[in-house]
Amino acid sequence: MKSVQFVRLERRRYGWNVAVYKALDMMVGRINLRAALGALCVLVILLMLFWSRCGELSHRPSTNPLSERTTALDVIECSINTEYSVACKRDRDEVYIPFSFIHKYFEVYGKITATDGVEKFEWSHSYSKIYHPKKKYDPRGTFTTFENYNVEVRDRVKCISGVEGVPVSVQWEPRGFFYATQIAQFGLAHYSKNVTEPEPRRRVLDDGEKYIEDWIVSKDAYMARDFDAELHTNVMRFSTSDHPTSQIWLKVNVSQDFVLSLDLVMKKNSSLTVVLQNKEKKETFYLHYVTSPHLIKAKGEHIYYGVGAEPQWRRVTRDLIVDVQKGWALLDRPKRKAPRNKFKIASIILSGVGAIDNITVSSSEHMSHFFAAARWLTRHQSVTSGGWPIPVRRRIASLELKPGWYSAMSQGHAISVLSRAYSRSGDAEYVRAARRALQLLDVPSRMGGVKALWMNEYVWYEEYPTTPSLFVLNGFIYTLLGLYDLHILEGKPSRSQAKKMFDDGMTSLKTLLPLFDTGSGSFYDLRHVTLGVSPNIARWDYHATHVNQLYLLAGLDDDPILINTAKRWEGYMQGKRAAHN
Ligand code: CA
């Protein structure tokens, strides 16, 4: 955006209007009505042609009378609420204020855009987008609008764990930790993409059956096809000597798809290396997947991911570009982007002792990522509480949650993942884990749970279960969606706990919703009521989340407060405000 734009607040063309009225007046006075109407039509057409031409011209910077006069404008000081001053321009009675000032002062957004070489200035009140649901929310379908999410590329994701296949968060702890909310979002985003995207392209490079001759095996190394009793298929067993030149490699040359998946078992001190080349700059990067419990290391052009030290078969699915990007971030090159069309997979190198099968490159493997998240959730759920403890300290609104706290949003998101995992796989362990996750929603925050009560009456599932309670809106609604997912999955049992918790939550939501309305936006939480501090207004992307969530719920519950609030709040994003007295 250019630093200074001028906003003309009003634009009138008195001169033209007067001329047109005069012409009409003369004609109507002299000739009959029919001829007058004919002439009027011709005149209107001519006028429209002329005006549209004028409109075109006025958008062209070179012929815009405004820009021609820019240099001739006088400078005038604008005193802003008597507090400070801004250099503005004036043209007789009109004053032009720099948009860079307006942007900061009113938090509105603007940029110069060009369509077919015609420039214009686009002003928008918010930077976020509303998705109007096309059909009723389906717990087996996309999770809200998560098909648009790409969790792993976020800065607060350190990398995807080579052992678990799920993201590691650095949101509140730079060393990284597993955060159930983020892992569930990663799963739900991939699940939703799997619903909305076409089937991926897949190419099997080797399935242990017939392509073995493509491998290059150095003299002191060994590779052979062999039936594996555990996988019930032929696999490729390999071993290399300790000498660094002892290697087994496969020339690949794939430049379109970068999700690599394979079945792998390796003994200690073994590795699988993917050689990536940047097509333009002729740079080479090495992604090493090694038998180590370490998360990620990076040095020069080499990036290392630990895939675990246990000598057992595992399915490994890696987005190679994400793996490179996260390595670069460790090397203080976070700004460096890795566009997919710039790379090619040059080769795969095996070292050490192990076996490999089903080496595949794909455009995406969303369900693998989704089930990695679902499996992580079943493996790491607390048996006693049914929750996923968050192992880092969280400070919010001058309050503190000690490591080991629970979040209703984690519980709800996990239930949404587990419900979908059950409906896709039929594995009852997933639905049992989802039911266990309900327990904490009934335990008060001060007793280590996540339940708050508004005025001792209305239940609220707390994203951050502080005492006093905060009543965060978006996390609460996500929890409601988890409850809805499980209740629909369970069919219509007369005493579904999820259904009761959902109904109680909806009653609270409809009761408390007006408290979140600022008249021009929404509050993120109710800290201004419970803590007596200044209010915490939701920034536009959170406000948009509120609106998207309310539109979704309005499809499930016809209480007008939901749809009316959604519409009013959407209006706030276009600068509308509640009426004043
Ligand atoms: Ca095989």
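**View 1. Cys159 is buried, with a relative accessible area of 0%.** Buried denotes under 20% relative accessible area, exposed over 50%, and partly exposed the range in between (1.4 Å probe, protein chains only). The model is predicted, so local features need pLDDT of at least 70 and side-chain atom pairs count only at pLDDT 80 or more, while totals for chains, interfaces and linings use all residues. Residues are numbered from 1 along each chain as its sequence is written, and side-chain values use heavy atoms, with hydrogens and water left out.

**View 2. A disulfide (cysteine sulfur atoms within 2.5 Å) joins Cys78 and Cys88.** The two sulfur atoms lie 2.4 Å apart, and the count by this rule is one disulfide. Cys78 belongs to strand S1 (residues 74-80) and Cys88 to strand S2 (residues 84-91), ten residues apart; strands are DSSP runs (E, at least two residues), numbered from the N terminus. The link is left-handed, with -140° about the S-S bond. Cys78 is buried at 14% relative accessible area, and Cys88 is buried at 1%.

**View 3. The calcium ion is coordinated at 2.4 to 3.0 Å by donors from Asp207 (O), Glu209 (OE), Thr233 (OG1), Asn234 (O), Asp357 (OD) and Asp357 (OD).** Donors are N, O and S atoms within 2.8 Å of the metal (3.2 Å for Na, K and Ca); water is not among the atoms, so sites may look incomplete. Along the chain, the donors follow the spacing D-x1-E-x23-T-N-x122-D. Asp207 is partly exposed at 21% relative accessibility, as is Glu209, with a relative accessible area of 31%.

Technical notes
Helices (H or I, at least four residues) and strands (E, at least two) are DSSP runs, numbered from the N terminus.
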